Amino acid sequence: MPDTDAPCLLWFRQDLRLEDNPALAAAIASERPVVPVYIWDEAGDWSPGGASRWWLHHALEDLAKSLAGHGLRLALRTGDSAEELKRLIAETGAGAVYWNRCYEPAAIARDKAIKQALKDAGLEAESFNASLLFEPWEIQNKSGKPFQVFTPYWKRCREFPTPAVAKVPLGKLAVPATWPDSEALEELGLLPEIKWDAGFYEAWTPTRRAGLQRLTAFAKEAVSAYGSQRDRPDVDGTSRLSPYLHFGQIGPREVFAAFREKGSDDSVGGRKYLAEIGWREFSYHLLYHFPETPERALREQFADFPWRKNRRHLQAWQRGQTGYPIVDAGMRQLWATGWMHNRVRMIAASLLVKHLLQPWQAGAEWFWDTLVDADLASNTQGWQWTAGCGADAAPYFRVFNPITQGEKFDPEGEYVRQWVPELKRLPDKYLHKPWEAPENLLAACGVELGDSYPEPIVGHFEGRSRALAAFEELKKQSGKS
DNA sequence: TTTTGAGTTGTTCGA
DNA sequence: GTCGAACAACTCAAA
């Protein structure tokens with residue numbers, strides 16, 4: 001018989017919210033006193049990068065406040081997840097542990113072992129789904145295999161009823177008599193020592209409430225313009241919900257519910273946006289079924305691709321010094337705010353992988369460290385798509401032209417002028433290709449190419465044809481074998 | 001098993 | 001300036 005006087009641990013991970021939280025609902029249903037915990041565990045190859053840690057710090061602070069509103073104290077710990085859980089169980093006499101599942105390969109392995117160990121020790125251990133509409137193993141094609149193409153995958157998903165938000169009766173929470181020790185949030189060391197995060201505070205409010213406000217406003221109004229505005233980095237036309245979704249401050253079921261409530265789930269913009277949630281799901285589907293993909297290309301022939309590793313090129317790209325204004329604007333926006341507009345991510349990624357022939361993994365690592373929304377599934381999938389080595393990949397001859405992309409999606413140059421201020425006096429005509437401006441005009445605008453702003457790191461046509469040749473070669477190679 | 005239709009996000013060239 | 005075709009062939013999903 002379960003002893004309901006013994007508390008349960010509610011183990012938070014990437015589900016930093018109280019509503020729509022099935023593990024919390026189970027904890028309440030057990031009638032046990034609830035002890036919420038978060039363990040900062042840096043084990044593994046994909047420990048959160050600097051920007052993610054910044055977000056996590058604030059999300060935890062916000063979560064602790066929400067819990068306090070219900071009489072609960074969040075216990076913070078640093079160390080190995082299994083070890084810390086064991087300690088917490090000893091300290092609290094807990095008889096059960098509840099959590100919501102993570103889907104990164106390392107987390108799956110770790111959590112599986114923990115669940116077994118807890119059960120072996122005679123504890124109740126249960127996990128739930130808070131992060132996805134459909135878990136990766138729930139969706140399969142008619143042969144029982146995973147999907148590798150988005151459109152049929154999403155079509156299949158949409159044949160199921162939309163999963164409902166999990167109800168959490170917060171009024172029935174039981175509170176323990178004593179609390180385990182907690183580290184102070186600052187002791188987790190999530191905030192940077194060097195103050196590079198000033199711009200983050202201007203760009204973001206990393207709380208659930210702010211995320212919900214954004215979601216509601218977006219579902220109500222902004223989504224009608226999503227189809228036409230989402231590719232414009234100079235406009236606030238995207239949802240900017242990605243970091244909230246990554247940390248589970250908002251769940252995808254809540255997104256669908258908000259769209260339904262505002263009557264925008266069946267509009268053109270609404271369907272387009274919800275398909276982006278579908279891409280997030282698809283990325284997790286792929287990561288689960290192809291767990292090597294964060295490190296290795298899904299298409300095997302890419303193992304021997306002739307990348308031209310070059311530290312100088314990688315660094316110029318990272319620092320926003322490629323000489324292509326739209327790319328440099330994006331890379332600087334990323335550094336300053338922890339986020340880059342999706343359209344610009346594609347242009348910048350394409351330049352690194354195709355024009356510069358740098359391995360996509362180098363770009364993925366940089367994004368991992370600098371994005372507040374860094375997500376192993378989406379990041380991996382995005383980079384493999386760009387490099388043409390993943391599922392449903394871009395055809396090899398699709399090489400973004402950073403000049404025409406800039407002119408098309410930042411036509412008045414507002415985005416470039418914001419992030420590359422040394423070019424801001426240049427007229428629109430030359431803003432995306434300063435090297436074509438006449439000498440005297442450049443001088444009049446205070447631009448000296450090669451000094452105040454770099455020459456293009458590689459010519460567009462040169463880079464393009466070099467990339468096409470390399471991909472052509474790969475095709476020949478794989479045809480031979 | 002074989003066949004058929006289709007596939008996130010583009011660029012360039014020539015009419 | 002605008003428009004359609006070519007870029008290449010391959011893999012996936014379903015009938």
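My entries run from the whole chain down to single residues.

**Ground rules.** I am working from a predicted model, where local features need pLDDT of at least 70, side-chain atom pairs count only at pLDDT 80 or more, and totals for chains, interfaces and linings use all residues. Residues are numbered from 1 along each chain as its sequence is written, and chains are lettered from A and ligands numbered from 1 in the order in which they are written.

**Whole chain.** I looked up the secondary structure of chain A and got 21 helices and five strands; these are DSSP runs numbered from the N terminus, with helices being H or I of at least four residues and strands E of at least two. The radius of gyration of chain A is 24 Å, close to the 23 Å from the globule rule for 481 residues, so chain A is as compact as a globular protein of that length. For my own reference, that radius is taken over C-alpha atoms, and the rule is 2.2 Å times the number of residues to the power 0.38. The C-alpha trace of chain A spans about 80 × 55 × 45 Å along its principal axes.

I then checked burial: 45% of the 481 residues in chain A are buried. Buried here means 20 or more other C-beta atoms within 10 Å of the residue's own, exposed means 12 or fewer, and partly exposed is in between, with C-beta atoms placed from the backbone.

**Domains.** The assignment, which is automatic or from a database, gives chain A domain 1 (8-130), domain 2 (132-165 + 207-289) and domain 3 (300-476). I find the C-alpha centres of domain 1 and domain 2 to be 25 Å apart. Across that pair, 13 residues of domain 1 are in contact with 17 residues of domain 2. The side of domain 1 that touches domain 2 has six nonpolar, three polar and four charged residues. Contact means C-beta atoms, placed from the backbone, within 7 Å. For the classes, Ala, Val, Leu, Ile, Met, Phe, Trp, Tyr, Cys and Pro are nonpolar, Asp, Glu, Lys and Arg are charged, and the others, Gly among them, are polar.

**Helix α10.** In α10 (residues 252-261) I noted P252, R253, E254, V255, A258 and F259 as buried. What do they pack against? The buried residues of α10 pack against α7 (208-220), α9 (242-246) and α11 (268-289). After α10 comes G263, with a positive phi near 70°.

**α15 and α16.** Helix α15 (360-370) packs on helix α16 (376-387) at about 145°, with axes 10 Å apart. Axes are lines fitted to C-alpha atoms over the stretch in contact, and angles run from 0 to 180 degrees between N-to-C directions. On the α15 side I listed W360, G363, A364, F367 and W368, and they meet N379, T380, W383, Q384, T386 and A387 of α16. That contact has six nonpolar, five polar and no charged residues.

D20, in the loop between β1 (8-12) and α1 (22-29), has a positive phi near 50°. D20 is buried, with 21 other C-beta atoms within 10 Å. L357, in the loop between α14 (342-355) and α15, has a positive phi of about 55°. L357 is buried too, with 20 other C-beta atoms within 10 Å.

**D304.** Buried or exposed? D304 is exposed, since 12 other C-beta atoms lie within 10 Å. D304 is found in the loop between α11 and α12 (311-318).

Conventions:
Contact = placed C-beta atoms within 7 Å.
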